[in-house]
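Please look over the structure below before reading my comments. Keep it open while you go through the points.

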Amino acid sequence: MATVSSRVIRFHEVGEPLDVLREEQSEVSDPPSGSIRVRVLATGLNPADWELCRGFMLGTLPRGVGFDVAGVVDAVGVDAREAAAVGDVVFGTADFVGQPSAGAAEFAILNAWSPVRDGLDPVQAATLPMVVQTAAWTLELLAPEPGTTLLVHGAGGMVGYAAVQIALRRGVRVIATAGATFAADLEGFGARVTRYGEGMPARVRELTGGADVDLVLDVPRPSPGTLPDLIALAGGDPRRVMTISNHDEARELGARVNLDELRPGLTPVTDLLSEYGTLAAKGAFRLPIAKSYPLREWREAVELSVSGNPHGKVVLLPGGQNPRTTLS
Ligand SMILES: NC(=O)c1ccc[n+]([C@@H]2O[C@H](COP(=O)([O-])OP(=O)(O)OC[C@H]3O[C@@H](n4cnc5c(N)ncnc54)[C@H](OP(=O)(O)O)[C@@H]3O)[C@@H](O)[C@H]2O)c1
């Protein structure tokens, strides 16, 4: 094994993503113990990437963006040799804390992964890790019982779109708020759907026949001012509402914040990757792709995601426009 030279998208100082991100040539190291290195086929982008650029979880700089990766294993660290072999096609999470570059690159170090099963497009696989991890863990904390009613506010975002599918699979009755783009998809999964924004509480009550909902999952991009309405819909009890994005307002109102409650003992990431990779391969779980871009067009990809309304996952394709033809 040896370090490899790679195009990487990363930042050397904190700021707005389009101001601080640069494309440059860098060395990607051999994988540390328990990790693998992949030749990247596809990288899913997330709002969290832009929060990293703005200083969230600030560590040693430079740092890369791109948490969600599908790729071909190119080197295997010690203690990972039973879990991967050179040439395997895998998807998983980039080590964006311990490495000076991440998934938005030609090569990346992964610290959790699962095989890309037959039937699963690597591009689709690269949309899954962060969204699945967030939706599954947050539902694990909120713990809606089968037969109870869960309101997913912001289900046109990808965490919400995933949470609706996961909750419905567990027998929960789901009401979702979403814009026009994915309303039909969400109804097709089995949710009852209404628009977010002005008049949302009355529209939700029309769907419940005036009753309260049992629990609320608040998952839009940050949208100050809606939590009081969501708490009222949950019978006025802020502990029946959990947010992933309106953190400060939730803490002030006594509502729950998923990040405050993450704890050891939640389902391990590798189990989630395996479960949802298998479901996605069978067509039983999916996330829509808004647009995919070659690595050199990363600025356009960042612009679409930073807009706040990408309407689906935004994906970079460092391995070329059709990763399936670049697998060998
Ligand atoms: N705490 C955590 O653990 C954690 C983890 C991951 C993500 N997050 C955060 O969760 C948020 C969502 O992430 P994501 O990946 O799902 O984002 P995303 O897919 O980029 O969500 C964007 C979509 O949300 C919908 N939306 C926009 N404004 C809205 C509003 N005011 N109310 C309701 N829906 C609105 C729009 O879809 P439509 O108009 O089509 O409905 C838009 O396309 C981000 O702020 C992210 O940083 C937190």
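The numbered points below go through the model part by part.

1. **Ground rules.** This is a predicted model: local features need pLDDT of at least 70, side-chain atom pairs count only at pLDDT 80 or more, and totals for chains, interfaces and linings use all residues. Residues are numbered from 1 along each chain as its sequence is written. Helices (H or I, at least four residues) and strands (E, at least two) are DSSP runs, numbered from the N terminus.

2. **Two domains.** The protein is divided into domain 1 (4-127 + 287-326) and domain 2 (131-261). Such bounds come from an automatic or database domain assignment. The contact between them takes seven residues from domain 1 and seven residues from domain 2. Two residues are in contact if their C-beta atoms, placed from the backbone, lie within 7 Å. On the side of domain 1 that touches domain 2, three residues are nonpolar, three are polar and one is charged. Here Ala, Val, Leu, Ile, Met, Phe, Trp, Tyr, Cys and Pro count as nonpolar, Asp, Glu, Lys and Arg as charged, and the others, Gly among them, as polar. Taken over C-alpha atoms, the centres of domain 1 and domain 2 are 29 Å apart.

3. **The ligand.** Where does the ligand's shell lie relative to the domains? Domain 1 and domain 2 both give residues to the shell, so it lies between them. There are 30 residues around the ligand, and Pro47, Gly156, Gly157, Gly179 and Pro220 come nearest. A residue is near a molecule or strand if its C-beta atom, placed from the backbone, lies within 6 Å of it. By class, the shell has 15 nonpolar, 14 polar and one charged residues. Several helices supply at least two shell residues each, including helix H2 (47-53), helix H5 (158-169) and helix H6 (180-189).

4. **The core.** The largest nonpolar core has 98 residues. A nonpolar core is a set of buried Ala, Val, Leu, Ile, Met, Phe, Trp, Tyr and Cys residues joined through C-beta atoms within 7 Å. H5 gives the largest share of this core, seven residues. Both domain 1 and domain 2 give residues to this core, so it lies between them. Val38, Phe91, Ala108 and Ala176 are among the residues with the most contacts inside the core.

5. **Strand E7.** Is strand E7 (residues 107-115) enclosed or open? Nine of its nine residues are buried, so strand E7 is largely enclosed by the rest of the structure. A residue is buried if 20 or more other C-beta atoms lie within 10 Å of its own, exposed if 12 or fewer, and partly exposed in between, with C-beta atoms placed from the backbone. Strand E3 (residues 36-45) pairs with E7 in the antiparallel sense over four bridges. Two strands pair if DSSP finds at least two bridges between them. Val38 has Ala108 in E7 as its bridge partner. Strand E6 (residues 89-94) also runs antiparallel to E7, joined by five bridges. There, Phe91 is partnered by Ser114 in E7.

6. **Two open sheets.** Strands of a sheet pair through backbone hydrogen bonds, either parallel or antiparallel. Ala176 stands opposite Val193 in E10. Another open sheet has three strands in the order E2-E1-E4, and its pairing is antiparallel. Strand E2 (21-28) and strand E4 (63-64) each have a single partner strand, so one side of each is left without a neighbour in the sheet.

7. **Ser305.** This residue sits in helix H12 (residues 298-306). Ser305 counts as buried because it has 22 C-beta neighbours inside 10 Å. Leaving out residues up to four places away in sequence, Ser305 touches Leu45, Pro47, Pro310 and Val314.

8. **Backbone details to check.** Leu61 and Pro62 are joined by a cis peptide bond, with omega about 5°. Pro62 lies in the loop between H2 and E4. Met57 is in the loop between H2 and E4. Met57 is not a glycine, yet its phi is positive, near 50°. Met57 is exposed, with 10 other C-beta atoms within 10 Å. Asp79 has a positive phi of about 70° although it is not a glycine. Asp79 is exposed, with 11 other C-beta atoms within 10 Å.
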